[in-house]
Amino acid sequence: MTKLKSRHILGISHLDREEISFILNTAESLKEILERPIKKVPPLRGKTIVNLFFEPSTRTKLSFELAAKRLSADTVGISASTSSVVKGETLIDTARNIEAMRPDIIVMRHSLSGAPHLLTRYIDSAVINAGDGTNEHPSQALLDLMSVKEHFGRIEGLNITIIGDIAHSRVAHSDILAFSKMGAKVTVCGPATMMPPGIETLGCRALYDLRQAVRDADVVMALRIQKERQGMALFPSEREYARVFGLDVGIFSVIKESCVIMHPGPINRGVEMSPEVADSSRAIILDQVTNGVAVRMALFTLLLTDSREE
Amino acid sequence: MTGTVMEAILLKNGRIIDPSSDIDLAGDLLIEDRRIADIGPGLKGPEHAQLVDLNNKWVVPGLIDMHVHLREPGQEYKETIETGTRAAAAGGFTKVACMPNTSPPNDNEGITRFILDKAREAGNCQVLPVAAVSTGQKGRGLTEFFDLLNAGAVAFSDDGVPVRKASVMRLALEYALNFDALIISHAEEPDLSAQGCMNEGITSTRLGLRGIPNAAEDVAVFRDCCLAELTGARLHIAHVSTKGAVEIIRRAKEKGVKVTAETAPHYFSLTEEAVEDYNTLAKMNPPLRTEEDRRAIIEGLRDGTIDAIATDHAPHESLSKECEFALAANGIIGLETALPLALKVLLREEGFSPLEIARLMSQNPASILKVEGGSLEKGKRADVTVIDSELPFTLDRDSLFSKSFNSPFLGQSFRGRAILTIMEGKVTFDLLGLLREG
């Protein structure tokens with residue numbers, strides 16, 4: 001494979017196994033740049049990347065921005081508070097106006113599912129979904145795949161357990177699709193109030209018992225938990241959540257010796273994960289963050305190489 | 001020659017389909033002086049009669065759509081009474097009942113009369129206003145039923161929003177008894193549907209969209225059926241979309257509850273999969289459900305649990321649809337696709353007879369609303385629709401008479417549609433120019 005089939009990165013659902021491998025291989029070879037004393041290479045000089053963030057974000061936005069800068073692209077960041085959305089402009093108009101200034105890639109985060117898909121119908125630039133509502137967060141899933149592959153040397157055949165709010169997590173959604181596409185066995189676990197209908201159809205099994213869910217896991221990933229959704233508390237208290245689904249030191253006596261702990265961040269310490277677990281040698285949470293930059297560099301490179309060949 | 005009253009029209013060699021007398025026979029139909037003067041084989045009209053040879057095309061009573069949104073007053077950029085009734089005529093309809101969620105809502109005599117005046121002025125299709133159940137559709141105090149009925153309202157509904165409180169629905173049904181009035185229920189439990197934008201199920205999970213469970217409709221249908229039983233009043237359930245609702249209505253009918261029901265063509269034609277890729281043209285409330293629900297809707301139509309096909313014609317300008325899925329407006333236009341979809345799905349795929357389709361689309365709505373229509377008997381007002389059940393056509397934007405074109409069926413090919421619509425003896429739609437003089 002020399003180029004991606006997709007013009008945009010809307011979701012893992014739009015990528016096939018071959019494309020995912022291609023992205024991961026590219027990211028692995030680009031990662032070395034991040035370790036150099038001078039962390040900058042020229043391939044995307046003269047390219048412009050717009051980070052359009054309608055939802056607050058620290059690490060994802062920074063990660064995309066650094067990835068672009070490492071490759072010498074120019075970046076502009078627009079966040080919801082400074083955008084004209086507050087002035088009542090439609091998303092399509094905002095996008096068309098940005099498009100008129102000739103960017104090469106628009107990276108967008110939006111609170112509503114399908115917003116980046118809408119964008120692709122109205123503009124020509126490549127679009128990268130940096131998280132849309134409760135739908136997908138593909139670059140996060142790709143960096144999770146990269147981190148697991150880096151640690152175990154493979155993804156195929158591993159048991160991946162994801163714990164938390166499965167229904168409202170775009171990370172869970174993308175990770176389930178990504179890991180199952182790459183041949184891992186995915187288990188999800190969380191409060192039944194946070195389990196969407198038909199989740200098994202995405203390619204995973206759903207369990208309600210934490211111990212059972214993590215017993216055979218090679219990877220345990222806890223999601224950031226948010227008690228209130230649409231004004232309704234989906235579990236009685238954070239205290240109870242921590243006791244039923246939180247990962248604390250007790251988990252070490254249940255999981256396999258070789259099992260690693262992941263979290264997409266930011267962590268609610270003491271709720272879904274205790275500090276002892278987050279800071280333990282089992283955690284590869286900061287590797288995830290580093291790999292995030294490499295994966296995003298790969299996405300930029302592949303999308304822009306693609307357009308150059310056309 | 002649309003718009004012109006012909007003194008006499010003789011439709012020759014048609015397939016006369018009259019559900020009110022269970023007739024499906026080859027024959028002629030003579031219209032004189034705005035009434036059906038005669039039906040039967042070998043009719044000879046007066047010398048001046050306009051004569052059309054139908055070559056075995058269907059002749060049915062004018063279609064009646066008991067659930068449309070004409071958007072006037074207030075949202076004339078979506079549809080007007082003039083454009084909406086032209087779309088109705090083009091779809092074969094001679095009567096449409098319009099829902100009260102205009103702006104301001106039709107909750108008083110003044111607006112009811114305004115709607116009727118506008119409709120008369122347009123002259124495309126008879127409009128039957130459905131007035132609000134509660135003032136401002138706010139679900140609290142009742143509207144003046146007596147006054148509204150006198151002004152021309154045919155039923156009461158807070159369609160667009162459910163009557164939230166069971167006590168208010170009970171009150172409405174009880175008060176309706178005084179006038180034998182019909183209450184139409186937009187059956188939805190808002191506590192369960194809140195913020196949902198499509199059916200809750202595997203597609204909503206896949207698309208990461210908030211779902212509306214079937215239970216949001218089922219519990220509301222059950223509540224209102226219980227209240228209809230309690231009060232003995234006449235209840236009609238609008239836009240049935242779930243298997244559960246069909247079963248609840250079936251049981252209520254078996255118990256003798258005075259309940260009737262309608263479904264919309266999209267609920268027997270499409271499933272939630274139409275929402276794929278965040279297609280806002282497939283967004284409506286209630287949402288498109290699953291294949292299991294679609295099957296149950298078709299069986300409900302077949303066994304009479306669901307009495308009528310009504311379009312829920314809901315025009316929206318492009319701005320309301322070309323946006324993020326969760327923000328997009330609910331609803332699709334339906335007047336010009338209802339009959340083609342009934343022919344496609346019910347007639348061809350499901351083996352419904354032309355008589356059954358005519359019953360669902362004219363006779364039953366007329367009897368539920370207690371208005372004249374749904375019959376080709378001699379002496380009745382001449383509301384007549386001629387259908388070419390084989391005519392192929394493609395639904396495109398430019399061919400639509402509605403002011404809006406928010407339809408998931410755009411670009412699709414159909415076989416069969418209305419070709420001639422006659423309302424009270426007046427030609428309101430003539431696709432092929434059958435009655436053009438000279």
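Mentor: Let us start with a definition: the bounds of a domain come from an automatic or database domain assignment. Please keep in mind throughout that this is a predicted model.

Trainee: What makes domain 1 and domain 2 of chain B the parts they are, and how many Å separate their centres?

Mentor: The assignment divides chain B into domain 1, which takes in 8-59 + 380-430, and domain 2, which covers 62-369. Taken over C-alpha atoms, the centres of domain 1 of chain B and domain 2 of chain B are separated by 25 Å. The contact between them takes 31 residues from domain 1 of chain B and 41 residues from domain 2 of chain B, where a contact requires C-beta atoms that lie within 7 Å.

Trainee: Which elements give two or more residues to the side of domain 1 of chain B that touches domain 2 of chain B?

Mentor: They are strand S16 (384-394), strand S17 (413-423) and strand S18 (426-430) of chain B, and S17(B) gives the most, with seven residues. By class, the residues of that side of domain 1 of chain B divide into 15 nonpolar, 10 polar and six charged.

Trainee: How is chain A divided, and which element gives the largest share to the side of domain 1 of chain A that touches domain 2 of chain A?

Mentor: Chain A is divided into domain 1 (12-136 + 289-309) and domain 2 (138-288), and their centres, taken over C-alpha atoms, are separated by 25 Å. Domain 1 of chain A brings 25 residues to the contact and domain 2 of chain A brings 22 residues. On the side of domain 1 of chain A, the elements that give two or more residues are helix H1 (17-31), strand S4 (126-132) and helix H10 (285-309) of chain A, and the largest share, eight residues, comes from H10(A).

Trainee: Why is strand S6 of chain A called largely enclosed?

Mentor: A residue counts as buried if 20 or more other C-beta atoms lie within 10 Å of its own. Four of the five residues of S6(A), residues 185-189, are buried, so this strand is largely enclosed by the rest of the structure.

Trainee: What makes a β-α-β unit here, and what is its handedness?

Mentor: The unit is made by S5(A), helix H6 (residues 170-181) of chain A and S6(A), and it is right-handed. That word applies if, with the strands pointing away from the viewer, the path from the first strand over the helix to the second runs clockwise.

Trainee: Why is chain B called as compact as a globular protein of its length?

Mentor: Chain B, with its 13 helices and 18 strands, has a radius of gyration of 21 Å, which is close to the 22 Å that the globule rule gives for 438 residues, so the chain is as compact as a globular protein of that length. Buried residues make up 59% of the 438 residues in chain B.

How values were computed: Residues numbered from 1 in each chain as written. Chains lettered and ligands numbered in written order. Predicted model: local features only at pLDDT ≥ 70, side-chain atom pairs only at ≥ 80, totals over all residues. Buried ≥ 20, exposed ≤ 12 C-beta atoms within 10 Å, placed from the backbone. Contact = placed C-beta atoms within 7 Å. Nonpolar A, V, L, I, M, F, W, Y, C, P; charged D, E, K, R; others polar. Rg over C-alpha atoms; globule rule 2.2 N^0.38 Å.
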